[in-house]
Amino acid sequence: MRAAQVSKLDGPEAIEIVDIPEPEPLPGGVVIDVHAAGVAFPDVLMTRGLYQMKPEMPFVVGGEVAGVVREAPEGAHVKPGDRVCALTMLGNAMAEVTSTAAEMVFKLPDNISFEEGAGILFNDMTVHFCLRNRGRLAEGETVLVHGAAGGIGTSTLRMAAALGAGRVIAVVSTEAKAEIARAQGATDVVLTDGWLDRVKELTGNRGVDIVLDPVGGDRFTDSIRSLARGGRLLVVGFTGGDIPTVKVNRLLLKNVEVVGAGWGEWMLSHPGYLTEQWAEVGPLFETGKIAPPQPVLFPLERAAEAVGSLENRAATGKVVVTLR
């Protein structure tokens with residue numbers, strides 16, 4: 001089978017398209033003929049050996065897929081021929097065939113394409129975890145998201161209202177990205193230059209209830225300043241490069257919180273949690289209350305470029321690699 005493989009940790013440009021044997025089915029696992037595979041920022045980090053979890057070399061890139069079940073264990077909730085989306089977690093996604101644990105596989109709603117489905121689980125389950133679990137989003141609250149034209153950002157814009165937010169403010173770096181944010185459901189859009197003052201104006205100096213931050217970097221302190229009393233700043237990642245620090249006395253000023261939101265760690269340490277998430281989110285996709293992602297597509301031959309687009313921050317929205 002064809003696959004996008006990393007054999008040296010030199011970054012996305014080192015990804016090669018190779019022919020390798022099909023994987024052995026995992027015990028009790030599901031074998032999937034992959035039609036599309038999602039790209040996420042941990043894929044960038046893993047190509048450089050910088051992610052906290054390090055797969056054995058060489059490894060196939062990617063952690064999420066959509067495709068058709070080829071084999072499934074007796075009594076499983078999916079069967080051969082079913083359209084599914086699935087997580088493979090640390091690699092093994094950008095290949096024509098993959099095998100993953102049955103609890104990581106979910107039936108893909110009929111109204112969602114393989115390309116859209118490959119972009120759902122990683123980002124949307126992260127955002128669901130952030131807003132529901134770590135952010136404790138209450139009905140009508142205001143959510144602000146940084147990097148709003150990226151994968152996590154557009155996921156937040158698509159999902160926040162369906163999960164209860166009354167207002168969603170997008171922070172972006174350019175007017176072109178502002179248009180993307182508006183199209184994805186932002187209530188308000190502000191540019192990064194002077195964003196804090198603009199948010200204060202928009203909220204009547206009250207501030208926002210939740211900041212979802214996948215960027216980090218030098219805007220972190222202003223994110224704390226942007227919070228309303230009792231607000232929560234959710235730390236999702238550091239695509240901006242620098243890992244910020246916080247002077248904890250700032251938390252006392254308005255009784256605000258800085259909260260770690262590591263969905264992968266939580267999901268892996270809480271068996272059944274992913275199934276609980278899908279039980280809520282899946283029906284919202286089926287009924288159209290949450291729109292699927294509108295991915296930027298790359299063929300498998302351009303997998304290195306697809307992953308690289310996240311590293312150089314050229315990507316807008318969810319990036320997906322097509323295999324069939």
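## Basis of the model

The model is predicted, so to speak of local features a pLDDT of at least 70 is needed, side-chain atom pairs count only at pLDDT 80 or more, and totals for chains, interfaces and linings use all residues. Residues are numbered from 1 along each chain as its sequence is written, and side-chain values use heavy atoms, with hydrogens and water left out.

## Overall build

Let us start with the whole chain. It has 11 helices and 16 strands; helices (H or I, at least four residues) and strands (E, at least two) are DSSP runs, numbered from the N terminus. The C-alpha atoms fill a box of roughly 60 × 40 × 35 Å along the principal axes. With 324 residues, a compact globule would have a radius of gyration near 20 Å, and the 19 Å of this chain agrees with that. The radius is taken over C-alpha atoms, and the globule rule is 2.2 Å times the number of residues to the power 0.38.

Of the 324 residues, 55% count as buried, where buried means under 20% relative accessible area, exposed over 50% and partly exposed in between (1.4 Å probe, protein chains only). Among contacts (heavy atoms within 4.5 Å) between residues at least 6 apart in sequence, 70% join residues at least 24 apart.

## The six-stranded sheet

Six strands form an open sheet in the order β11-β10-β9-β12-β13-β14, with parallel pairing; two strands pair if DSSP finds at least two bridges between them. At the edges are β11 (188–191) and β14 (257–260), each of which pairs on one side only. From one strand to the next, the twist averages 20°. Axes are lines fitted to C-alpha atoms, for helices over the stretch in contact, and angles run from 0 to 180 degrees between N-to-C directions.

Strand β12 (residues 208–213) runs parallel to β13 and is joined to it by 5 bridges; here V211 stands opposite L233 in β13. Helix α4 (residues 151–159) packs on the sheet, touching β9 (142–145), β10 (167–172) and β12, and its direction makes about 160° with that of β9.

## Two residues to look at

G231 lies in strand β13 (residues 227–235) and, at 1% relative accessibility, counts as buried. Leaving aside neighbours within four places in sequence, G231 is in contact with V208, D209, N255, V256 and E257. V143 is 88 residues away from G231 in sequence and 9.8 Å away in space, C-alpha to C-alpha.

N123 sits in helix α3 and is buried too, at 6% relative accessibility. Not counting residues up to four places away in sequence, N123 touches G151, I152, S155 and K318.

## Helices α3 and α10

Helix α3 (residues 121–134) packs against helix α10 (residues 273–286) at an angle of about 100°, with axes 11 Å apart. The two are therefore roughly perpendicular, a term for angles of 65 to 115 degrees; under 35 counts as roughly parallel, over 145 as roughly antiparallel and the rest as oblique. On the α3 side the contact includes L121, M125 and F129, and on the α10 side Y273, W278 and F285 are among the residues.

## Helix α11

In helix α11 (residues 303–311), the buried residues are A303, A306, V307, G308, S309 and L310. Their cover includes β1 (2–6), β2 (16–19), β3 (29–39), α1 (41–47), β15 (296–299) and β16 (319–322). After α11 comes R313, with a positive phi near 60°.
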